[in-house]
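Hello,

I'm handing this structure over to you and would be glad if you took a look. It is pasted just below, followed by my notes on what turned up.

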Amino acid sequence: MDVRKELQNLPDRPDVQDVQEAEVDKPHDKGYRKSLSNPKEFLHFLRKYVGDDWTKKLKVSDLSLCDTKMLEKDYQGREADLIYKACLPENRDIFIFILQELQSSVDYTMIFRVLMYVVNTLLKHFLNTPENVRESAGFRLPAMVPIIFYNGAESWTAVKSLKEYQNCGDLFGEHVLNLKYYLIDLSKIKENYILSTNTVLDNIMYCDKFRKKDELAEAIRTTYKRIEALGAQEKEEFRNWVKYILLSICGNKKAVVEEILNWTGKGEDDMAFKYNIIKAFEDERAEGKAEGEASGELRKVISQIRKKVSRDMSAKDIADMLEEDMDLVVRICDTLKKHPDWDDEKIRELL
């Protein structure tokens with residue numbers, strides 16, 4: 001039995017928001033967060049993927065991971081994913097925070113979210129500083145350095161500066177409030193560049209570039225060979241991430257995943273499945289067929305709603321007329337307004 005053929009019969013890899021199983025809660029988040037929580041890995045990330053001169057001056061000993069509660073929430077009450085304190089020469093502290101946009105769509109409000117993080121955190125810092133200190137001539141606020149890491153298939157098209165987010169912001173030069181964030185857009189990073197170094201994070205990012213099952217399978221084979229050069233703890237960390245991703249694809253069937261992982265580390269000659277593994281794939285194909293029929297129904301609903309929206313009907317009226325769930329109708333209406341150029345299939349994939 002050719003395992004590669006069997007693996008190709010699995011459904012293509014879902015986007016992050018589609019992974020709902022409690023045991024595999026946001027698998028990408030777990031992998032990235034764990035890797036970037038290691039100061040050595042974080043410094044590698046800064047130097048390789050941010051790359052500004054200031055990153056070259058940092059040492060691992062300069063970085064300390066902070067509790068994310070230190071960074072005030074954005075306007076929707078969400079916390080940042082990671083925040084580091086970096087100690088620069090002359091005891092000057094800065095804070096670097098990362099927002100992981102591990103989803104398929106672009107957040108066009110991102111610069112405003114970043115603004116809220118920065119303003120709210122600096123206000124808290126200012127008010128917590130003794131009055132005599134903050135009113136002295138030498139007092140300075142810590143620099144806040146925002147980084148957005150995005151792994152969606154679409155290119156990031158949201159504005160990256162606060163000046164661009166303001167009407168006529170470009171007319172006033174330095175006299176209008178401005179703020180920028182560093183953007184790490186995985187879709188723009190070449191595969192060869194990612195593979196030019198070998199860390200857990202590099203290997204996760206490489207695999208994360210692939211969505212089709214056969215490509216992902218080959219990426220996992222490639223990275224499994226590479227991680228042999230890493231330490232035991234790093235190997236385990238990467239294998240756990242792969243396991244979470246495969247569980248999300250295989251409908252949480254642990255036996256299937258274990259067999260795939262066992263196969264991945266073996267040579268070309270050892271590629272046989274036991275009966276129960278073959279049966280599991282057959283079950284997966286059957287489930288995929290049922291999902292396909294459901295997908296066709298959803299496309300039909302999207303098409304119907306598109307026609308109603310073009311006639312300026314409200315979501316409530318559409319839901320009543322089609323006898324569809326109100327929440328689903330609202331989501332489809334919002335997506336149609338946000339992405340008028342998308343076809344029904346693309347909207348179905350997002351939903």
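**Salt bridges**

Lys56 and Asp53 are both exposed. Please keep in mind as you read that this is a predicted model. The two residues sit in helix α4, which covers residues 53-56, and are three residues apart, about one turn of the helix.

How many salt bridges does a search of the whole structure find? The answer is 14. Are Arg113 and Asp107 buried or exposed? Both of these residues are buried, whereas Lys56 and Asp53 are exposed. Arg113 and Asp107 also belong to a network of salt bridges that takes in Glu101.

A further salt bridge links Asp320 with Lys316, and here the closest N and O atoms are 3.3 Å apart. Both residues lie in helix α13, four residues apart, which is about one turn of the helix. Lys316 has a relative accessibility of 51% and therefore counts as exposed, since the cut-off is over 50%.

**The protein as a whole**

Stepping back for a moment, the protein has 15 helices and five strands. Of its 351 residues, 44% are buried. Looking at contacts with a separation of 6 or more, 62% are between residues 24 or more positions apart.

If you want to pick them out on screen, the buried residues are Val200, Leu201, Asp202, Asn203, Ile204, Met205, Tyr206, Cys207 and Asp208.

Helix α3 (residues 39-50) packs against α8: their axes come within 9 Å and cross at roughly 60°. The two helices are therefore oblique to each other. Which residues make the contact? From α3 they are Glu41, His44, Phe45, Lys48 and Tyr49, and from α8 they are Val200, Leu201, Asp202 and Met205. Sorted by class, this contact has five nonpolar residues, one polar and three charged.

Leu46 is another residue found in helix α3. Its relative accessible area is 0%, which is why Leu46 counts as buried. Leaving aside residues up to four places away in sequence, Leu46 touches Gly51, Trp54, Thr55, Leu58, Ile96 and Ile147. Ile147 is 101 residues from Leu46 in sequence, yet the C-alpha atoms of the two are 9.6 Å apart in space.

**Helices α13 and α14**

Now back to α13, the helix that holds Asp320 and Lys316. Helix α13 runs over residues 315-322 and α14 over residues 326-338; their axes come within 9 Å and cross at roughly 125°. That crossing makes α13 oblique to α14, and the crossing is right-handed. On the α13 side, Ala315, Lys316, Ile318 and Ala319 make the contact, and on the α14 side Met326, Val329, Val330 and Cys333 do. What classes do the residues of this contact fall into? Seven are nonpolar, none is polar and one is charged.

**Some loop residues to look at**

Asp312 lies in the loop between α12 (275-310) and α13. Its phi is near 65°, a positive value in a residue other than glycine. Asp312 is exposed, because its relative accessible area is 71% and the cut-off is over 50%.

Cys168 likewise has a positive phi, about 60°, although it is not a glycine. You can find Cys168 in the loop between β4 (143-150) and β5 (182-185). With a relative accessible area of 45%, Cys168 is partly exposed.

Finally, Pro340 sits in the loop between α14 and α15 (344-350). Its relative accessible area of 60% makes Pro340 exposed. Along the chain, Pro340 and Arg306 are 34 residues apart, while their C-alpha atoms are separated by 9.5 Å.

How values were computed:
Residues numbered from 1 in each chain as written. Predicted model: local features only at pLDDT ≥ 70, side-chain atom pairs only at ≥ 80, totals over all residues. Heavy atoms only, no water. Axes fitted to C-alpha atoms, helices over the stretch in contact; angles between N-to-C directions. Parallel < 35°, antiparallel > 145°, perpendicular 65-115°, else oblique. Left-handed = near helix turned anticlockwise from the far one by under 90°. Contact = heavy atoms within 4.5 Å. Nonpolar A, V, L, I, M, F, W, Y, C, P; charged D, E, K, R; others polar. Salt bridge = Lys/Arg side-chain N within 4 Å of Asp/Glu carboxyl O. Buried < 20%, exposed > 50% of the residue type's maximum accessible area, 1.4 Å probe, protein only.
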